[in-house]
Amino acid sequence: MRVVITGTSNYTGTLTSSATSAVARKSIAASAITLTHDTITKIYDGDTSVDQSITAAVSSGLVTGDTTTTVALSTSSCTYADKNVGTGKTVTCTITSSGTRASNYSIATSDTTTGEITKKPITGSATISGTATYGNTLTASVTNGLSGATYSYQWQYSTSASGTYSNVA
């Protein structure tokens, strides 16, 4: 930087000085990032991981000449907010950047979308045994059932009869 002093008759000369400056990174907020994916859904498995492919790209805010190739984004991991069954569940993705001009930007490190965790179907079998006599309640017990399951019983009685019948008056 060169500074010249002028405008006064009492002083003449030049003053030489040096200066440094820094260029701040341009900020790219999560609102300027687009997450692209199919419907995010999984069957309940007891954890929060998302196994589907989710891609990320800067949708606005790049300086003229920069592209989604020179400032590339990817998702390194995506997780559900919790492991429980439900719809409209928040899914948070960690975002990483790469590319020849990515270092010129301060890019949000996460973004969110929504997904669904559905109930896991279960199958099992149980042995129900018990006895009942006419006019009394069936007393039954379950063996080899599913832990924590609630069972309901429906009594069905069927028999066939054979023999000689007469009408008693």
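Leaving aside neighbours within four places in sequence, with which residues is Asp66 in contact? The model shown is predicted: local features need pLDDT of at least 70, side-chain atom pairs count only at pLDDT 80 or more, and totals for chains, interfaces and linings use all residues. Residues are numbered from 1 along each chain as its sequence is written, and side-chain values use heavy atoms, with hydrogens and water left out.

**Figure 1. The protein chain contains 0 helices and 12 strands.** Helices (H or I, at least four residues) and strands (E, at least two) are DSSP runs, numbered from the N terminus. Of the 169 residues of the protein chain, 18% count as buried. Buried means under 20% relative accessible area, exposed means over 50%, and partly exposed lies in between (1.4 Å probe, protein chains only). Contact means heavy atoms within 4.5 Å. Among contacts between residues at least 6 apart in sequence, 52% join residues at least 24 apart.

**Figure 2. An open sheet is formed by 4 strands in the order 5-10-8-7.** The pairing in this sheet is mixed. At its edges are strand 5 (41-43) and strand 7 (72-80), each of which pairs on one side only. Two strands pair if DSSP finds at least two bridges between them. On average, neighbouring strands of the sheet are turned by 35° against each other, direction ignored; axes are lines fitted to C-alpha atoms, for helices over the stretch in contact, and angles run from 0 to 180 degrees between N-to-C directions. Strand 5 and strand 10 (residues 110-118) pair in the parallel sense over 3 bridges. Strand 8 and strand 10, by contrast, run antiparallel and are joined by 7 bridges.

**Figure 3. Side chains alternate along strand 10.** Asp111, Thr113, Gly115 and Ile117 point to one face and are buried. Ser110 counts as partly exposed because its relative accessibility is 35%. The C-alpha atoms of Ser110 and Ala30 are separated by 6.9 Å, although the two residues are 80 residues apart along the chain. Apart from neighbours within four places in sequence, Ser110 is in contact with Ala30, Thr92, Cys93, Thr94 and Ile95. Further along strand 10, Thr112 stands opposite Thr92, and Glu116 is the bridge partner of Thr41.

**Figure 4. Lys42 is a buried residue of strand 5.** Lys42 counts as buried because its relative accessibility is 11%. In strand 10, Ile117 stands opposite Lys42. A polar atom of the Lys42 side chain lies 2.9 Å from the backbone oxygen of Asp47. The backbone oxygen of Ser49 also lies 2.9 Å from a polar atom of this side chain. Leaving aside neighbours within four places in sequence, the residues in contact with Lys42 include Tyr80, Glu116 and Thr118.

**Figure 5. Asp66 lies in the loop between strand 6 and strand 7.** With a relative accessible area of 14%, Asp66 is buried. The opening question can now be answered: leaving aside neighbours within four places in sequence, Asp66 is in contact with Val71, Arg101 and Tyr105. The side chains of Asp66 and Tyr105 are joined by a polar contact of 2.6 Å. A polar contact is a pair of N or O atoms within 3.5 Å; within protein, one must be able to donate a hydrogen and the other to accept it, and residues adjacent in sequence count only if both atoms are side-chain atoms.

**Figure 6. Cys78 and Cys93 form a disulfide.** A disulfide is a covalent bond between the sulfur atoms of two cysteines. Here a disulfide is assigned to a pair of cysteine sulfur atoms within 2.5 Å, and by this rule the count comes to 1. The sulfur atoms of Cys78 and Cys93 are 2.2 Å apart. With 115° about the S-S bond, the link of Cys78 and Cys93 is right-handed. Cys78 lies in strand 7 and Cys93 in strand 8, so the pair ties together parts that are 15 residues apart in sequence. Both cysteines, Cys78 and Cys93, are buried.
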